[in-house]
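Work through the exercises below with the sequence and the model side by side. Try each task before reading its solution.

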Amino acid sequence: MSERGRSPARLVALLLVALPLPAAAEPAVTILDLPFSASALRGPGSEVAIAVATSGLLPLARPKPGGTGAAEGGPIAVVWGEAGGAVLALVDGHVTATLLGREAVEGLAAAETPRGALPGSRRALSGALSAHLAEPVTVRGRLGAGALVIRERKAVPMSAEPKAVPVATATVRPAPDPAFAPRAPRIAAFDGRPAILAVGETEDGSSLMVVEPAESGWSVRARSPAEPGRPLQVAGVADFSGTGRMQVAATGSADGTARLRLWAYEGGALRPLLSAPGYDAAAPGEGGPDLAALLPRDGAVDLAVPVADRSALAIVSLKKGAITERARAPLPAPAAFGVATLGAGAAARLLVGLADGRIAVVNPNP
């Protein structure tokens, strides 16, 4: 072929090299149409969601006009504010809202803070095991807790006579730390053994704690080095790496920069695995709910967590030895009072409580 004949082909090749590759599509973000401003969000598996689902309220609830109501038997989330409440469910790829009275939701939500618990705190509940913070103390000029109260319902032998369910109660102190930070405890399982994750606080900073049962009772088994700044926030506990072992994702600001870290708990010790700047799962204020949710897919678990200024929700992978941001969804207002997942895999939708009282729905797979 002549040099002249090859020129057009060369020109096309150069243009193809020069053109940028198409960018990955951003997650789609929509706003849920609710007739009230929300201030609280609880996801599937939460104490409030379970209470609503088993209370008998749903058959009597009013489906929002244009919606089909909550999916029968499916996972639900619950949102509420001063002027109303709603049950959110995923139906045929769409998040639907079933309206509830605020008083009904708040009545069920009251159980989140048991009698004697730290004011404004929430207990953790998993099966027969529960844990909550108690005994207010002051550390670094803010409210903390002097005790972690753990309760476990025991099995009742079969009998013709009704019997009260026995409950074993244990009180764990944070010593040598003066207090537990006002972060809701998390119940997890490592190698088949139950454990509770809490955050200890000193005048110098905060540390991640693992509380486990032993022959002498529950006690702090491991703690990470103390980090200055706001108290650490547990973002999630899951098999993030896909190796069959549970890890702990938490955010903090050791160097003044919001940072996401992944920890392994092995042999009675916490071991840091990965770290990346720019993410923060802590809600504004003290003792608010965490702003993170698990997103199972691709044989492992991703983490949905806001960026440091809460202006966007990031979908983060923590496997293959790296923290990799898969996608980022800009939000119309800062994330403020909760992140939750409805569904799994390609059908999953993420809910984000925004600072202006709206609920954003994020499709992580546009």
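**Exercise 1. Confidence**

Task: Find where confidence in the chain is lowest and where it is highest.

Solution: 
- Step 1. Keep in mind that this is a predicted model. The chain has an average pLDDT of 87. Residues scoring at least 70 make up 89%.
- Step 2. Helix H1 (residues 3-18) has the lowest confidence, with a mean of 42.
- Step 3. Look at the segment around H1. Over residues 1-24 the pLDDT stays under 50. For this segment the model has two contacts beyond four places in sequence.
- Step 4. Strand E25 (residues 349-354) has the highest confidence, at 98.

**Exercise 2. Salt bridges**

Task: State how many salt bridges the whole structure holds. Then describe the pairs Glu103 with Arg102, Glu325 with Arg328, and Asp191 with Arg245.

Solution: 
- Step 1. The search of the whole structure gives 21 salt bridges.
- Step 2. Take Glu103 and Arg102. Their side chains form a salt bridge at 3.4 Å, N to O. Glu103 is exposed, at 56% relative accessibility. Arg102 is partly exposed, at 24%.
- Step 3. Take Glu325 and Arg328. The closest N and O atoms of this salt bridge are 2.8 Å apart. Glu325 is partly exposed, at 29% relative accessibility. Arg328 is partly exposed too, at 38%.
- Step 4. Take Asp191 and Arg245. In this salt bridge the closest N and O atoms lie 3.4 Å apart. Asp191 sits in the loop between strand E12 (186-190) and strand E13 (193-201), and Arg245 in the loop between strand E16 (233-238) and strand E17 (247-252), so the pair ties together parts that are 54 residues apart in sequence.
- Step 5. Asp191 is exposed, with a relative accessible area of 61%. Arg245 is partly exposed, at 34%.

**Exercise 3. From a pair to a network**

Task: Which residues are linked with Asp191 and Arg245 in a network of salt bridges? Describe the surroundings of Glu266.

Solution: 
- Step 1. The network links Asp191, Arg245, Glu266 and Arg271.
- Step 2. Glu266 is partly exposed, at 34% relative accessibility.
- Step 3. List its contacts. Leaving out residues up to four places away in sequence, Glu266 touches Arg245 and Arg271.
- Step 4. Glu266 and Met246 are 20 residues apart in sequence, and their C-alpha atoms are 9.7 Å apart.

**Exercise 4. Helix H2 and Arg42**

Task: Name the buried residues of helix H2. Is Arg42 buried or exposed?

Solution: 
- Step 1. H2 spans residues 47-54. Its buried residues are Glu47, Val48, Ala49 and Val52.
- Step 2. Find what these residues pack against. The partners include E2, strand E4 (76-81), strand E5 (84-91) and helix H3 (102-109).
- Step 3. Look past the helix end. Gly56 follows H2, with a positive phi near 85°.
- Step 4. Turn to Arg42, which lies in strand E2 (residues 40-42). Its relative accessible area is 10%, under the 20% cut-off, so Arg42 is buried.
- Step 5. List contacts of Arg42. Beyond four places in sequence they include Val48, Trp80, Glu112 and Arg122. The side chains of Arg42 and Glu112 are joined by a polar contact of 2.7 Å.

Key:
Residues are numbered from 1 along each chain as its sequence is written. This is a predicted model: local features need pLDDT of at least 70, side-chain atom pairs count only at pLDDT 80 or more; totals for chains, interfaces and linings use all residues. Side-chain values use heavy atoms; hydrogens and water are left out. pLDDT is the predictor's confidence in each residue, from 0 to 100. Helices (H or I, at least four residues) and strands (E, at least two) are DSSP runs, numbered from the N terminus. Contact means heavy atoms within 4.5 Å. A salt bridge is a side-chain nitrogen of Lys or Arg within 4 Å of a carboxyl oxygen of Asp or Glu. Buried means under 20% relative accessible area, exposed over 50%, partly exposed in between (1.4 Å probe, protein chains only). A polar contact is a pair of N or O atoms within 3.5 Å; within protein, one must be able to donate a hydrogen and the other to accept it, and residues adjacent in sequence count only if both atoms are side-chain atoms.
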